[in-house]
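Subject: Structure handover

Hello,

Here is the structure I said I would pass on.

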Amino acid sequence: MHKINLIISCLVLGAVSSSFAQLSPLTVEKIMRDPKWMGTSPSNYRWSDNSKFLYFDWNPEGKDKAQVYRLDIASKKYVLSSDSIANLDEAPQYIFNKDKSIAVFEREGDLYVKNKDKVTRLTETIERENPLSFLLNDELVFQRNENVYTLDLNNNTVRQLTNFQRGAAPKSDQKLSEQDEWLKKDQEQLFEVFKEEDRLKDKQKRKENKKALYLGDAFLGGLSVSPDGQYITYRLIYPAKGNRNTIVPDFITRSGYVEDLNMRTKVGNALTQFKAYVYKVKQDTALEVKAANIPGIKDLPAYLSDYPERLAELQKANKDRQITWGVASWSPNAKYVVMTAKAQDNKDFWILKVNPEDASVTQLDRQHDDAWISGPGIGRDVKWLNEHTFYFNSEASGYSHLYSYDLNSNSKKQLTEGNWEVQSVQLSKDGKNFYISGNKEHPGITHFYSLPVQGGNLSQITSMKGGNEVTLSPDEKYLAISHSTMNKPWELFLQNNKAQANASQITKSTSAEFDSYAWREPDMVKFQNRYGDDVYARVYPAKNPHPNKPAVVFVHGAGYLQNVHYWWSQYFREYMFNNMLADNGYTVIDIDYTASSGYGRNHRTGIYRHMGGKDLTDQVDGVKYLVDHYGVNPANVGLYGGSYGGFITLMGLFTEPKVFKSGAALRSVTDWAHYNHGYTANILNTPVEDPIAFKRSSPIYFADKLEGNLLMLHGMVDVNVQFQDIVRLNQRLIELGKENWDLAVYPVEDHGFVQPSSWTDEYKRIFKLFENTLKK
């Protein structure tokens, strides 16, 4: 019979001991303790401005919180430091003038200038100043509140360029009817008092020299000034109206009363709206950049062919799609300005040249996807290589790669290529090379490369197998590398910025207790799914297979995330649990199923309009791989996962009951119509516009097919996948008369559990489920 187990969580801190000779056997209680028992990896790397020191947060002694350490690059020795010292010493975000002889930065809301290593404070105000850029004449452009100013560093003269005003225009500034306009003019001609008021207003207006631009109910954003100071581009952002927010009740409170948390909307809600403008400084005039002039702005999504009546209705309406404007980017010589725009249905991303004189646009590049635009670096504003060339990422080849565009010749050039992804890009200080992180060697290995800006051969700089997260020093001589392997958590390494140079390990973070167990390096395998696509997986072979030869499938969360790689998993608890399962006779597989990151556009979008389609059949095909290559018994297969992994677990139990005997679904989505807009609408569109996609993708519609053993586990204060979601499925199971399911709820937990007692209880129940159903 079904039951609900209320788990009231409390903090249980396991004592950390370094005297263990051997951590064996693994138990849930040991591996689900406060993770400090493992040791804490260093994090938050930041370089000193002079590149002589590296600051990082670390907690090698297992204290209440991490402390700041300072590494001397010359001696490779570190000492305790402090946040205040690090904040004063670390390299700020500089805004440079054209020849880079002067740099300005912001600290705690005030402006500072650095000239020949001398730092001078420029402002000390209550208002917050934000440096924007330098003009060609070396005047500094900065923002204070809603407005833009210039500062002449030679004579400290401040000049206001804009006069944005919050709220609506005064009634006197609003357009009158013909009748009221006649009456107003007649009054002004009759009475001297109004003429005197006008003289005073004219005097004040001449002093202000700028007419007010009223924001109304919009917010100002994306200010960008042309290097010659003649134009200012900006966005007005209009908050969505008419949406209804969800409520999450918090039951365990200090007050003793249930307290409601006002949370997000659901998919299909009204969206924030954007308008873009060019302000002509001399003319004191703002022109709107019209989205109607963008090529393809009226194109309708391909999925509407499944809804002929709706398609005909929209074709007849012939409306422009709503877009989100990016921030305008000016070429260094002020000759060109480029803006990006993304359709709010996320099917198109445009790079546009704007004529600042009339705010007209010319398309330079259009990325279209019948599914949705995404991928590493995709959809961001462009950056400049020189006076006429900018660079950006595109998935045009099927993988995220680096491109440049020359506005003088109106030509696009692909700079990297191959079946791999450019994951991040940084331009060198001298502008001659790109620094690129990418998975060129293998989908599960990331390296740091150098590439000439004109393209050519990639020069691999890092060499350690696994994950290499690089923080480059300001002088570009050193790499601070956060490196890990499959069975060793992240540590700090230091390397000279030279190809294949040796990397020196700086920290050792794992505890003696953690080190006493021989953590596995899972088998890295690749198989073809039923569609002929390559799918990568980690396999944890059973140490001594149980006679029933059971298998467990672990499903990572987030959908677009990678977990089959050669570095330390962010699912470190599940990694340890999988080791424990293997110790107890289970063979475990962890699959980068369709829609996982790191594999290009087709893999990324393979679940479009059908979550629980290819992403689920990949799990089924993975089970077949285990049967064929590891000898598991297909009658004794379980699966588990959290969030998206919990969703797949539900779909597996409901739609593949002959494959999966048991499953544990943690914090799982049960009905996508109740999830958020930003994530869901990309993949499934909206429930009103595409009900087919939502009905075939939501487990609640397949609950009647449940045959196996289902355990659900959910936090009651989950503000991501809200508790209402699992309650709705429970009611459905009750009404269907299903009996072979359980629900454990955790009254103090959000989406990501915090309390060790909750983690422990959760995984004890999962282990018990597998022990009781897959071995009997």
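The notes below go from the whole chain to a few single residues.

This is a predicted model, in which local features need pLDDT of at least 70 and side-chain atom pairs count only at pLDDT 80 or more, while totals for chains, interfaces and linings use all residues. Residues are numbered from 1 along each chain as its sequence is written, and side-chain values use heavy atoms, with hydrogens and water left out.

Whole chain

The protein chain has 14 helices and 46 strands; these are DSSP runs numbered from the N terminus, helices being H or I with at least four residues and strands E with at least two. Its radius of gyration is 30 Å, close to the 28 Å from the globule rule for 776 residues, so the chain is as compact as a globular protein of that length. That radius is taken over C-alpha atoms, and the rule is 2.2 Å times the number of residues to the power 0.38. The C-alpha trace spans about 100 × 70 × 60 Å along its principal axes.

Of the 776 residues, 52% are buried (buried is under 20% relative accessible area, exposed over 50%, partly exposed in between, with a 1.4 Å probe and protein chains only). Among contacts with a separation of 6 or more, 58% join residues 24 or more positions apart; contact means heavy atoms within 4.5 Å.

Ile73

Ile73 sits in the loop between strand 4 (67–72) and strand 5 (77–80). The residue is buried, at 6% relative accessible area. Leaving aside residues up to four places away in sequence, Ile73 touches Trp47, Ser51, Lys52, Phe53, Leu54, Tyr478 and Leu494. Ile73 and Leu494 are 421 residues apart along the chain, with their C-alpha atoms separated by 8.3 Å.

Asp725

Asp725 belongs to helix 13 (residues 723–736). Asp725 is buried yet has no salt bridge, and the nearest side chain of opposite charge is Arg728, 4.3 Å away. A salt bridge here is a side-chain nitrogen of Lys or Arg within 4 Å of a carboxyl oxygen of Asp or Glu; for charge, Lys and Arg count as positive and Asp and Glu as negative, with His and the chain ends not counted. Beyond residues up to four places away in sequence, Asp725 touches Ser668, Val669, Thr670, Asp671 and His674.

Leu190

Leu190 is in helix 3 (residues 178–190) and is exposed, with a relative accessible area of 55%.

Regards
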